[in-house]
Amino acid sequence: MVWVVREDSVFLSMAEQKQNEVRQLIEQAVAQAFQAQIPQLQSQIVQQVLHSIPAPVAHSGPAGDHSGTLVQAISSVHGGSTQMEILRALLDSGGGYCSRIALFVVKSGAASGWQARGFGDDDAVKDFSLDLNAGPVAHAHQNRVATPGNIAEMGRRFVERFSGPANEQVLVLPLTLKEKVAALVYADGGDSGKLESSALELLVIATSAWLEVVSLRKQAAAKEDIAMTSRADVTPPPPPVQTVSSFSDPFAAHTPKHVPASVPASAEPAAEVVEVASHASAAAPATAADPWAGMSPEDADVHRKAQRFARLLVDEIKLYNQAKVAEGRRHKDLYDRLKEDIDKSRGTFQKRYGNTAAASADYFHNELVRSLAEDDPSIMGANFHR
């Protein structure tokens, strides 16, 4: 009996040993398989966690990870070659970061509406002047920093005209050029509450920088024009004059392209201010459609530059006096409302081209009638004269 028990014990011990060996083999195999699946399991866990997190809600304050769209917005601004194209790109791109946006040009102590997006009646902004002493407007203008505020701080006139956003939060940003506030950008969240302050601030800063770059380029081109005219065999023009605050006011520093008189007055204003290289216009050969065909190349070049300069001056008058232009056209007294600006610009034109081959053409007068009065001299009023 003893021998039998010992034999059973030996067989039991051997079975346990075999079982342990199998267990170890299985554990090793499972461990290896598990190790190989860890990366895939981690990825699946991350995806499940991400799906369980709700999408972020747009709110004011620092923007989320919109670097790609913001780069596109800045690129569209930098794609503009004239001040109007740049500012329109700012408003179009800025509309992606708020519900309502408007630009007010600051001049002579007033901030006049220029263009807007998202207001329903965007034209209502054009004849509206901001109160430069009101809350965030005053702070942004005086300190040259983006300023958030409450719609009530914009003043009663503003609220009555445009109502306010659902969350009552607004943002006013200064468009700073040459260390001066040239315009103010207003933005709010409208009914959706969408107002990404940081993205808007960066976009306005990028716009300011690009306007200054374009301004410097235009000033360099203007100097080249004057130098080329001086070298031509024509009556020498007077010394170059710093016109329409071109150095302190980059808004005025753009070179309009000549547009034939056949273009209707209702054409988009932006078509009048498309930049062309000055040397290209000087070198262009006369064609049958050229109004200066038959003139010497030197005289034709002076006429061409005089007309461009007249368009530049009148375009600036329109830009900075949107409300007065609208009222003057309505009441047919444009000259009376804009007398100071018109007379000053006429004097500037005469100093530049009054003693040149283009003097007899009176391009400045013609541009006032064509552009300001929309080809209707009666709109200028009874006091208008050459």
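**Exercise 1.** What does helix α10 (residues 334-353) span between its end C-alpha atoms, and what would a straight helix of 20 residues span?

*Solution.* The model is predicted, with local features needing pLDDT of at least 70, side-chain atom pairs counting only at pLDDT 80 or more, and totals for chains, interfaces and linings using all residues. Residues are numbered from 1 along each chain as its sequence is written, and side-chain values use heavy atoms, leaving out hydrogens and water.

At 1.5 Å a residue, a straight helix of 20 residues would span 28 Å, whereas α10 spans only 24 Å; the expected span is 1.5 Å times one less than the number of residues. Next, look along the axis: α10 bends by about 60 degrees at Glu340, the bend being the angle between axes fitted to the seven residues ending there and the seven starting there.

**Exercise 2.** Determine how the length of helix α3 (residues 83-94) relates to expectation, and how covered α3 is.

*Solution.* The 12 residues of α3 reach 16 Å from first C-alpha to last, close to the 16 Å expected. Of these 12 residues, 10 are buried (under 20% relative accessible area with a 1.4 Å probe, protein chains only), among them Met84, Ile86 and Leu87.

**Exercise 3.** Describe the packing of helix α8 (residues 297-320) against helix α11 (residues 363-372).

*Solution.* Residues in contact (heavy atoms within 4.5 Å) include His303 and Ala306 in α8, and Tyr363 and Phe364 in α11.

Terms used:
Helices (H or I, at least four residues) and strands (E, at least two) are DSSP runs, numbered from the N terminus. Buried means under 20% relative accessible area, exposed over 50%, partly exposed in between (1.4 Å probe, protein chains only). Axes are lines fitted to C-alpha atoms, for helices over the stretch in contact, and angles run from 0 to 180 degrees between N-to-C directions.
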